[in-house]
Amino acid sequence: MAFSSKMETDEAQEEGEEEEVEHFDDFTLASPWEKFISDIEAVCRQWIADGPKNLLKKDAREVSEEFYKVKYELKFALKSYCMEYYFGSKNDGNDMVWDSRLHDLQLCFGVKDFLVIAPQSASGVVLDAPEASKLLSAVAIALSNCSSLWPAFVPVHVPARRAYIGIQNMGTVFTRRFEADLIGSQVPVKLMHLEGLYELFVSKFAYSTLDFAMHLFKVHFTMKLTYRSLPHEDDDVQEADADVVESGDDLGGDMHNRTQWDDDCPWSEWYTAEDPVKGFELVALWSAKVVESSMEMAELENFSPHEAEKWILSPNMSSTLTDSSEGNRVGFASQLCLLVDALNMSFEAQFMEDFVSVENPGSDHLKSSMVIPPPTVIDRVLKELFHDGARFRSFASGERKTSRIKAAPLESLFAQFCLHSLWLGNCNIRAISVIWIEFVREVRWCWEQSQTLPLTPAFGSIDLSTCVIYQKLHMLAICIERKRQLNEEFQDCDGSMDHSSPRTEEDGLDEGSEDSCIMQTPAENLDGKRDSPAIPDDLQDSEQSVSRLGARPEHATVSSDLKPLDCIRRGSAGVTGMMLLNSYQSMHAPFTQEPPLMTEDMHEERLQAVEAFGDSLNFSALLEREILTSDMSAFKAANPDAVFEDFIRWHSPGDWESDITNESGSPNNPTTEGPKDDWPPRGRLSKRMSESGNLWRKIWNDAPALPASEQKPLMDPIREGEKILHYLETLRPHQLLEQMICTAFSAAADTLAQTNYGGLKQMTTKLDQLYLTMTSALRPLQANRLSAHTDTIEDIRRLSGVFEHVEKLLTIAASLHRKFLQAPRLSEAIFRDCCNFYFPRMGTSSSGDNAPKEFEKQQVVTMNERPVVSNMFTPPTANQSWRKVLSLGNLLNGHEPVLREIIFSKRDKVSGNHYAARTPSAYQDELETYRMYICGTSNDLRVALSVVSCD
C-alpha cells in the first residue's frame, strides 16, 4: 500500500513538471490596458456615428439649455469608470465667452464638446497621479484612433479643489494640454490684484529671469465682475408671523417696530409677507482688449463698474416660492386651506354652539386638537368691526370682479368678519364658532339699541347676487334705520301732544286746499330702486309699469285751472297721458310704496309656492295681495273717478285689449293714447282679468282710497328684524362655513387685486384666470347641497393651492414694481421670466430631474437703467461692513465684487516658428497658444491653464 501511494505521488510530480515546461506567454494577445483602450474606442466610434441628433433620441440627458450628455460604464483593473460625452444640440458652437449657460469646463478651457472619464467612487475623482495619467493616456489613444478632436478630462485630487487634467489632439501637429486647480485658503496678496494675475499668466511663457514690469507682452484680456446686494435684515419676519398665528393673536396691529417692505401693500393689514426678491446679482463685463504691461492692469483695477461694456442683472429669489410645506405657507392661501378643513368638520354638529359646548360628547377631541383664541383677542376683533368708527363704503364706483361669486363685498361687515376669522388661532371650527356667537350677539345689541350696523348700507335694494348672510345684514340695517325713524316719529308725536301749536287747527283747515291735496307726498323716500317680487312672468309687464310710473317725477307741475273735483285728489305724481274711462279727466299716476324687501331665501319660498299651486292669476294675486292693495288704494286716491279697468290700463297694460290700431295694424299702447277727442278709450279687459271670481277685482273693491303717505308700511321692520336675528342665531354650521369660504376667497382676491404691481400684463392675466377658477370651483357651495368628504371639498382645497401660486406671483410683481419704479422694462422682463420658471413648479416637489433648481434668468441692463440698478447697491452700513476687509478693486458704491473672473490669452502665428518646421494650412493664421481662466474671491483662487504644444 505504501509503495503504490508513493508511485502515484511521483507520477503527479512528473505531470506537474511537464505542464510547467509546456507553458508559455502569447504576446500576440491584447493586454487588459489595450482592451480598455479598445472599449473606449468602440464607444467613441458609436457616439461619433450617431451624432447629436440620434443621441438626443436615445438616452441623452439635458445638463443645461441646449447642452446634453451621454454616459457609458467601463471596467479596468478591477475598477469601474464612467465616461461621459458632453455635446450641444447645435454644431455652430457658442461664441459668447461669458455665457451663463456654459459648462464649467467650457468656461475654464474654452472648449465646446468634450469627454470626461472618472472612477465610480464616492469622491468621483482620481486620487492617484499615475492612475490619472494612465487613464488620460488611454482616452487620448482611443480618440486618436477614432480621428476625433474631442478634448478629454480626468478629475483629480479631491472634489473640493475641482481640479482636472486634460488633453486634446488638434490634428497631426499640435496637442493642447489642460490643467486646473484651486487655492482654497491663504491666497497670496499679490494674486488678489490684477497686476499680480497678469504676471502669473506671463510667467507661463516668458523667461523667468525677466522683469515683467519692464517688458511688454501683448495679452488678450477680458473680465467679468459679479456684485451682490446686501440681504435685508428681516429674516426673522416669517418666524414672528408664525408665532403670532399659533398664539391666536390678531395681526391687525403693529407687529414690528421697523418698517417692512410691504407696509403699503393691501395685505399688510392681515400679514407680513417675506420679500420674494432677496437681492440682486449684477454682472459687469469688460469685452476683450489687449494689454501690454502690468501697469495697465493696475490702472484697470481702479476703474468703476460703470465703465464696463455690459451689465447683466439677475434677482436672488426666495427659496420659499417653490416650497409649499405648511411651515413655509404664509398668506391668505394658507388660512383659506384651514378654513376648508373647518368646513369639512362643520357637518358634525347642528348648531355653532355645539362646537364650544361642554355637553357635546365630541368636544373633548375638539378641545385637545383645536385652539380657541383668548377673550382679549375676541374683544379686539369685535371692537375693530363694530366700534372703531367703521362706515360702509359704496361699491357702485366699480364693478366687482367677484360679482359672479355669491359673496359679500370686500368692505362689508360680513367680509371683514371672514377675513378676521382667517387669522384667529389656526382658523379651526371651534375658534370660528366662538367668534360667530359673539358676532351675532353684537349684531343683536345693535338691533335692540337701534344703533347703526357698521360697514352695512342702510338704504337701497337687496343685492341678490351676494351671499344670504350679507343680504340679511343689509336688510337688518334697513330695518334698524326704519325702526329708529318710527321711534323718532313716536317721540315727536308724543312731544307735539304736550306742546300743541295754535296753528294746528289752521293747518287742519288747509288740508282740503288745492296745493296741499295735489302735492301731498308720502313721508318715506320713494325714489329708491325696487327689487322685483316673485311673480309669474305674465305679470312682469305690470310690475315694471309700477316701478316706472310710481317714481316721483323730477319736474312735477301743478295745474292752476283745477276743477272742484280735483280738490280731493291726493298722492298724485303727475299725469300719465291717458284718460279715465268714465270721466273726461286725465289719469294721474300715484305715488306708491316700495314693495317689501326680500332676500334670496324669501324669494325662493315664494317661487316654491308658485310652483306648488300652479301659475294661477288668483294665487299670484294672493301672494301680492298687500302690494296690490297698496297700489290700488294709491291709484284710487290719485284718481277718485277711476274704475277697475283704469287701474289695469295703468298697472298691467298687457291685460287691456284696445280696439284702436295704429298704422301698422297693431293695437295702440294704452300709455300712449290719442288726444282727448278720442274719448272714451275703446277696448276691453283680457280674458283672465274678465273671468268671474277674479281676485284682482275683489281686491279693488275692498281697497280704500288712501295715498301712500297714509297707508300702513308694507314691511314691518320689527318683525323682519327679529326674523333675521333668528336666522343668524340658528344658522347651521355648514351653511355658515359655505358662505364664509365664498366670501373669504372673494375678499382675499379683491384685497390682493388692489396691489399696485405696475399693471404687468401677465399678472393681470393670472388674476383674471384666478377669478374664473374661483367662480367655477365655488359654484357648488352656492347650491347648499354639500356634504362632508365630497369631491367638492377636494376641489376647493386645490383652489387654495392655485390661490397660493397667484398670491406668490403677486408678491413678486409688487416687489419688482417697487424696486424698478424708474425702470419698468426690467420689472416686466424679470417678472415674465419668473412666471415661466415658477408657476409650473409651484406646489410640486420638482418638475423633472433635468430642470434647473434655481432661478437663473438674467436681463441686460441698458445705459439708461444703470443708475436705477446702481442705487439698489446701497453703501454698506457699519454693522454690515465692520468685519469686511476690502481686498479687491473695482468698487460699486462701496461694494467689492463677490466674484472676479478673468480670461488671459496669448495668440501666436504658428508658421515659421519653433513649433514645427512644416505647419498645416489650417493653422496658417494665429493660434491661441496660451489661455488662462482665473476665478477668485478674497478667500480663494481657481486657475485653469491650457497650453498648445507641438508633439
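A cavity is a set of points on a 1 Å grid over the protein atoms alone where a 1.4 Å probe fits but cannot get out, and lining residues have an atom within 4 Å of a point. The structure is a predicted model, in which local features need pLDDT of at least 70 and side-chain atom pairs count only at pLDDT 80 or more, whereas totals for chains, interfaces and linings use all residues. Residues are numbered from 1 along each chain as its sequence is written, and side-chain values use heavy atoms, with hydrogens and water left out.

The second largest cavity holds about 60 Å³ of space, volume being the space filled by probe spheres set on grid points joined across faces, edges and corners. Its lining comprises six nonpolar, two polar and two charged residues (nonpolar: Ala, Val, Leu, Ile, Met, Phe, Trp, Tyr, Cys and Pro; charged: Asp, Glu, Lys and Arg; polar: the others, Gly among them).

Seven of the nine residues of H5 (residues 194–202) are buried, so the helix is largely enclosed by the rest of the structure. Buried denotes under 20% relative accessible area, exposed over 50% and partly exposed in between, with a 1.4 Å probe and protein chains only. Helices (H or I, at least four residues) and strands (E, at least two) are DSSP runs numbered from the N terminus.

The whole structure contains 34 salt bridges, each a side-chain nitrogen of Lys or Arg within 4 Å of a carboxyl oxygen of Asp or Glu. Lys406 and Glu600 form one of them (3.2 Å, N to O). Lys406 lies in the loop between helices H10 (375–386) and H11 (413–422) and Glu600 in helix H17 (residues 600–613), so the pair ties together parts that are 194 residues apart in sequence. Both Lys406 and Glu600 are buried.

In a further salt bridge, the closest N and O atoms of Arg444 and Glu722 are 3.8 Å apart. Arg444 belongs to helix H12 (residues 429–448) and Glu722 to helix H22 (residues 717–729), 278 residues apart. Arg444 is partly exposed at 22% relative accessibility, as is Glu722 at 35%. Salt bridges with shared partners join Arg444, Glu448, Glu722 and Glu729 into one network.

Methods. 1 Å grid on protein atoms, 1.4 Å probe; cavity = no way out; pocket = protein on both sides within 12 Å on 5 of 7 lines; lining within 4 Å.
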